[in-house]
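The sequence and structure come next.

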Amino acid sequence: MAQTPIDAPVRRTLRVKPTTIEDKIFFGISTAAAYSSVVLLLLIMVFLGARALPTFEEQGIVEFVFGTGWQAANEPPQFSIGPMLWGSVLVALIGVTLAVPMAISLAYFIQFMAPKPIARATTVLVDLLAAIPSVIIGLWGLAVFSPVGAHWGQMLNDSLGFIPIFSNTAENFLRTPFIAGFVVAVMIVPIIASITREIFSQIDDDLIKASVALGANRESTFRKVILPVSASGIVGGVLLGLARALGETVAIFFVLNLIFDDFNWFRIISPEGGAIASLILSKFGEASETEISALLAAGVVLFILTLIINTIASFIVAKAQPWRNR
Amino acid sequence: MSVEAVARPKFAEPWKKTNQRSKLIQIIASTVPIGIATAAWLFAGVDLIVSVLLVLLPLQLIAVGIAGFLLKGRRGVPDAALIVMTYFLGTFVMVLLVSVLWSVVEAGFAALSPQFIFQNNVYVTPTTGLEIGGVGHAVIGTLLVVGLSTLVTVPLGVATGVYLTETRGKSRGVIRVLLQAIAGLPSVVAGLFVYSMLIVTGVSAYAGWLGSLALVPLMLPTVARVTEESLRLVPQELRNGALGLGAPSWRAFLMVTLPAAKSGVVTAILLGVARVIGETAPLLTTTFAANNTSINVFDGGLATLPTYIYNYVSLGFDTSIQRAWGAALVLLILVGILFGAARYVSRPKSLKAKKKKEKR
């Protein structure tokens, strides 16, 4: 008996494209919005680059980024941001160095030591402090902390002045990188602490219980279990704080003396420092066309620096928090 | 053949730690160093920070270390160090942070009065007393500039978040990366960008809307990312259910997904506003801080609270800095309201919400 061959089932394509008008509009709007943010970024990048290009050409990229001196009145004008760039990095490094131990201690205290009501209150306080505008922290740094910090610097210089780090070229301990770094630390501690606390809170409780059941004490549980599990998340949080510190403008501007002609490599309690964002703020008001181009070029350098750090940070955080990108 | 019992370790039963002796040891270990350091500070004239860092901390480490050794043996010593360092650094940083809050509240309340909140600054010179003049115009300016910025950014940011979660668009990864990149834009660069594009070239004079424009790229990533995260928390089954019942995508989103993620989206908006309400640098470069009250965002100077604080700090007189503290308190209250609202909206409402959170 001859059987009529049955056609093999035809593979249908699943329709995922919207078919109705309304759906097309809905998806169209969201896609348009998403692309408009891309356009926004590209616009910013292109125009920043175009505006900054003349400076890069005239000064030479290497000379502009790593040289010293900012003479707008010279003919031709000379612009170099080396000391500012290093100053930004130095202040941010001091800030992060001070902030990280404090932030981790705070997060550990909230998550593993404090009784529940205290932990909850502290969490709210830390989250609120993370939202405080930096101009207020700058005002605090200028009016409240600067005299105290100068006094600490004086004492450090008196007792340990023979160590180059604590040497001071002026008889003045205000407006130093140390004070700026401390203010930045106060600014970023809540940020790092709240990220770290969230990461601590996501650690599987069974891991900690298992460690304690195996006879580990508090310290070895922290060192061998909690830290390794959360390390990359903490590093990501720290890098985010670092990027914030680098981009900070007003708070640093209030408490730091800008020196354009000389690198201050390590004298952290000497009133010489620099910060790119503060440079922009201090110069833009009476700047000529060429100087604005130079300031924008400085902004581009800062943007690229924070971009690199942010990218690394988001990569690490994404790796550390798989529950975020299911 | 007899089985010999294993000797009971000396420090077994770690949960039994509250007998008289251990309580006494703990009390001594935690009070004696504080007493000595306080005495050194008050009576021997040692500087406060020196006595905290060089007297209190080492003594506390030694004392708690000994206590740990007595109570738990060798294993107690590193524990003691960890506990001391945690308490020490935690307390230190909380003192700093509370000092920030307290100084704003204390100095701010000294400047605060009804006329400080409602009047503007037309007849005020840097040395004018606090009896006249205030931040009324700056509050209005802040609300206008941030409000306009919010009006532009929120639809854009929420729709971007929708694109990232609800569609299967090809460029989602790229857009996520780019949003991350915008988040790294230093605020002063955003301001300088608008300044050089629109003010230097003469398109517009200093005006409030330029400030709003400079705030958009700072606010957008926050709104988009938090929206994305809250939409992602909506279980896929809900969407599938709606679609399976025959709803088109847009109705499924508007009537099922969005209501489910409502609190998250509102939180995203509030966080975005809180992110930019205190931004100073972009406004300094784009809005001229006027002294009179103005509600025209598109023409003429417009004072905002952050620029007000900045200007009056820069003037450097005692009264002007007092004004800055007052303005800082007003700004802090605004941030506090936003923050409280965000917490109120995003609090877990029921057991179901709690379970969802745990599953995450």
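H9(B) and H10(B) cross in a right-handed sense, where right-handed means that the near helix is turned clockwise from the far one by less than a right angle, and left-handed that it is turned anticlockwise. The model is predicted: local features need pLDDT of at least 70, side-chain atom pairs count only at pLDDT 80 or more, and totals for chains, interfaces and linings use all residues. Residues are numbered from 1 along each chain as its sequence is written, while chains are lettered from A and ligands numbered from 1 in the order in which they are written.

**Helices H9 and H10 of chain B**

- Helix H9 (residues 236-244) of chain B packs against helix H10 (residues 249-260) of chain B at an angle of about 160°, and their axes are 10 Å apart.
- Axes are lines fitted to C-alpha atoms, for helices over the stretch in contact, and angles run from 0 to 180 degrees between N-to-C directions.
- H9(B) and H10(B) are therefore roughly antiparallel to each other (angles under 35 degrees count as roughly parallel, over 145 as roughly antiparallel, 65 to 115 as roughly perpendicular and the rest as oblique).
- On the H9(B) side the contact is made by B:Leu238, B:Arg239, B:Ala242 and B:Leu243, and on the H10(B) side by B:Ala252, B:Val256, B:Thr257 and B:Ala260; two residues are in contact if their C-beta atoms, placed from the backbone, lie within 7 Å.
- The contact of H9(B) with H10(B) has 6 nonpolar, 1 polar and 1 charged residues (Ala, Val, Leu, Ile, Met, Phe, Trp, Tyr, Cys and Pro count as nonpolar, Asp, Glu, Lys and Arg as charged, and the others, Gly among them, as polar).

**Packing around helix H14 of chain B**

- Helix H13 (residues 305-315) of chain B and helix H14 (residues 318-346) of chain B have axes that come within 8 Å and cross at roughly 160°.
- That angle makes H13(B) roughly antiparallel to H14(B).
- The crossing of H13(B) past H14(B) is left-handed.
- H13(B) contributes B:Leu305, B:Pro306, B:Tyr308, B:Ile309, B:Tyr312, B:Val313 and B:Leu315 to this contact, and H14(B) contributes B:Ser320, B:Ile321, B:Arg323, B:Ala324, B:Ala327, B:Ala328, B:Val330 and B:Leu331.
- By class, the contact of H13(B) with H14(B) has 13 nonpolar, 1 polar and 1 charged residues.
- Helix H3 (residues 76-111) of chain B also packs with H14(B), at an angle of about 110° and with the axes 7 Å apart.
- That makes H3(B) roughly perpendicular to H14(B).
- H3(B) and H14(B) cross in a left-handed sense.
- From H3(B), B:Val104, B:Val105, B:Ala107, B:Gly108, B:Phe109, B:Ala110 and B:Ala111 meet B:Gln322, B:Arg323, B:Trp325, B:Gly326, B:Ala328, B:Leu329 and B:Leu332 of H14(B).
- The contact of H3(B) with H14(B) comprises 10 nonpolar, 3 polar and 1 charged residues.

**Fold and dimensions**

- Chain A has 11 helices and 2 strands, where helices (H or I, at least four residues) and strands (E, at least two) are DSSP runs, numbered from the N terminus.
- Along the sequence, chain A reads α-α-β-β-α-α-α-α-α-α-α-α-α.
- Chain B has 15 helices and 0 strands.
- The C-alpha trace of chain A spans about 110 × 65 × 35 Å along its principal axes.
- The corresponding box for the C-alpha atoms of chain B is roughly 95 × 70 × 35 Å.

**Domains**

- Chain A is divided into domain 1 (21-71) and domain 2 (83-320), with bounds that come from an automatic or database domain assignment.
- The C-alpha centres of domain 1 and domain 2 of chain A are 27 Å apart.
- Their contact takes 12 residues from domain 1 of chain A and 13 residues from domain 2 of chain A.
- Chain B is divided into domain 1 (20-110) and domain 2 (136-359).
- The centres of domain 1 and domain 2 of chain B, taken over C-alpha atoms, are separated by 41 Å.
- Their contact takes 6 residues from each of domain 1 and domain 2 of chain B.

**Interface between the chains**

- In the interface, 73 residues of chain A are in contact with 75 residues of chain B.
- H1(A) supplies the largest share of the chain A side, 18 residues.
- The side of chain A that touches chain B has 52 nonpolar, 15 polar and 6 charged residues.
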